[in-house]
Amino acid sequence: MRDLHAHRLSKHFSGVRVVKDVDFSLRPGEIIGYLGPNGSGKTTTTRMVAGLLEPSSGFVEYGGRKVRDDLVAFRRELGYIPEEPYLYPFLSGTEYLQLVGRLREVPEPLLTKKITGFLELFGLRGAADQSIASYSKGMRQKIVISAALLHDPSIVLFDEPETGLDVATTLMLRHLVRTLAARGKAILYSSHVLEVVERVCDKVIVLHKGEVVADDSIERLRTLMSHSSLEGVFSQLVIREDPEALARELASLSALGA
Amino acid sequence: MREAWRRSSFGLLTRLFLRQFLENDAISPDADRSQLLAVVGSLAMSLTLFLSFVMSAKYVSTWTPGGAAVASLDDKFLYLAFGMIVTALVAATQWDTLSIDPRDAAILEPLPVEPGLIRRAKLAAVAMLGGGVAIAVNLFPSFIFPWLLMFGFRQMSVAWLVPLVAVHFAVTVAAAGFGYLAVIALRETAALVLGQRAFGMASPWLQGALIVVLGSMLLLLPAAADGIAQRGFEDRRAQSPPMWFLGVYETLAGAIIADLPRTAMTPRQVGMDRRSSAIYDQCRREFPALAQRAVYASGFTAVLAALAYLLRARRLPSLAPASAPAYRRRWHTGARLANAVLVRDLAARAGFHFALAAMWRNNTHRLTLACAAAGGFAMAVLALSSAMPGADQAVSVRLLWVQPLLFGALLVGFRHIIRVPAELRANWGFQLAWGDRGEAFLTGVKAAAVIGLVVPALIVVLPLFVFVLGAPRAALHAVLGLAGAIVFLEIIIHGYDKVPFTCTYLPSENMKALAPLYAIAFVLGTATFARLQHWALHDGSPMRPLLALAVVFVVLRVISVKRPRQGLVDFDEAPVPFAGLNLSS
């Protein structure tokens, strides 16, 4: 088990800065919550850490080596759950997991056992042979989570994994994240569901307009910012407008002309 | 008025459904729709303009009325059949968008729009597409062909051009409409009879088969439209729909040319005209019956299409998830067998199963393969039609062209589809799981091509060869064909460094220059291979050609394995954002 370090990660798209100088370290057994409002750069950062996006500047190190020097080796240790569960619609759930497992060279008997287990635990046994095109978003998300865990990764990146999941699965996911960490996995948990992050994560990084505005343990942030909840800390850090006033304006706009 | 239509719910929905015809899986999501429409439209028009000039140029020289009447039958048949097949092909490629999609229903139903309005708008869009294509294909020939046809006859006044143009336009557009309606009738009747679930399973295969048949017919059209009058009306071609519409054409306007006053002809021309007129008069007796058949068939097809369409459209489709199709369950047994025998390596297994699923279940890839199969079948039929047994009952070399032509066309189609991502947005899964086993993965993909394309094609043509060659020689021919296909696949995929069905596809800039060379190499290779097989079958010693193929295969494999591969696969290779003209250098 090795540490993962992100060094001054920045990303520009067509000259527009999306992420600027993001630094963090992730140790085995640690769960870092990666928080930020929509468009703050959370997904861009996780994609850079996963090696799916090349940083404009900065780099990611794993075990003291830059991950882009040997992406294949790094990805063998990596599990990634993206925000949008894009999958091959013409494959069935089982076929997709078989494809990923075989590409990751999980031995066939073990792979079959794992796939059966994941589908059973996620309640997808009945839909296992249906094409993914007929799956709901939550079902696809469950397939993505299964695919990310098939090869027993050392680092798991969750990018808003609770999207589309039902209450029971969301609760199960929280326990899963904690259990994985207890087994020594390093976890980056990107989300904007503050309650989940508060319950699951050891420390949080708060991102606003592509820049890190806070990086500490939840307890310390609460103390430092004199708030009893993470929601209060988050509001103070990134919410510039009064949400109530904004809601009133939206309602008025909707009623315009009525 | 036009603005009011555009802003009405009906106008908005109709335009939405018209746009959907341009937004299917076969077109890149980033493509400029207006540009695409302009390119396709202008291509269709310029092509028909060019072809009608080339085809009709012969009428500018001196013709007798009887000679022109007989010769023009071939051209009229070609125009009628061409329009009919093209509109049918358009309907076949737009297969799933011809009726209201469950996704459309899910989006539109919650809106305060009457379901009847949605149905009418869809129907209007479908009618506009069919009408638009029928007119685009037949517009220019409707002016050029009659004009050049009457060009050499000074006894004809310009006033005769009007009925000729009107009849040509009306009959060719009607024939094209018949082709379009026939596909709609077929689809909607099949959907009605089979029910939603069974039709969901059968639909892709029906669409693919239809494209293969129509594509083959299109490629065989020039050969079929030769000597219409001379061959008479007894053969199967005479029973084909284009002949029915030729009957309508000739009943309405055939006499304009055939019965022209005979003026200023040399004695030789008089003799030729008499012979041609006699042939035409024989045909003329058949035209009313053919015309009647066209009217009945059109009426029946229109009623069937309308009834089936309206019956199916009574209820908007729902997005209910489908249960596992039975073939998937049966596939498990086949998959286990393939894993045990054919693809034992894990990466090869991944490639094999993914390639099989992508090529048969992905709409774009299936359509491409159907087009390739259509090309292969058309070439095979042409080769077969010219294959005559020799004096000593020896096998004709042309007969042996059939198998390599068919396999070759399918494998060329396969070579194309592996470059096109099956689902671009899903390739992140590959990027994360991709190791350094590219060669093994590709081996699995190649095995999928052999099992999924070559073997089924072999099974299709085998009965023909058993019938012609006898079982032992047919088996030998099949083995040689299979070996040849494996080597050909190795050649065309040699040097492919990307991940099949996954990486972005950038078309090669020099393809326009290389395509004719590839085509020539393909024909020469097929001819050489057919000769090699002929020699082996004649000689009864297949070992030498098999050994030669094995040597080529091994050499290619060794080169392939030893070739340095690029380290990291670029899954999202983007086009160069600008092209430098280097004018200053």
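The side chains of B:Arg563 and B:Asp497 are joined by a polar contact of 3.3 Å, a polar contact being a pair of N or O atoms within 3.5 Å, where within protein one must be able to donate a hydrogen and the other to accept it, and residues adjacent in sequence count only if both atoms are side-chain atoms. This is a predicted model, in which local features need pLDDT of at least 70 and side-chain atom pairs count only at pLDDT 80 or more, while totals for chains, interfaces and linings use all residues. Residues are numbered from 1 along each chain as its sequence is written, chains are lettered from A in the order in which they are written, and side-chain values use heavy atoms, without hydrogens and water.

B:Arg563 is found in the segment after helix H20 (543–562) of chain B; helices (H or I, at least four residues) and strands (E, at least two) are DSSP runs, numbered from the N terminus. Neighbours within four places in sequence aside, B:Arg563 is in contact (heavy atoms within 4.5 Å) with B:Gly495, B:Tyr496 and B:Asp497.

Chain A holds an open sheet of 4 antiparallel strands in the order S2-S1-S4-S5. Strand S2 (16–26) and strand S5 (65–66) of chain A each have a single partner strand, so one side of each is left without a neighbour in the sheet. Strands pair if DSSP finds at least two bridges between them; S1 (residues 4–13) and S2 of chain A are joined by 7. In this pairing A:Lys11 stands opposite A:Val19. Helix H1 (residues 42–49) of chain A lies across S1, S2 and strand S4 (57–62) of chain A.

Technical notes:
Axes fitted to C-alpha atoms, helices over the stretch in contact; angles between N-to-C directions.
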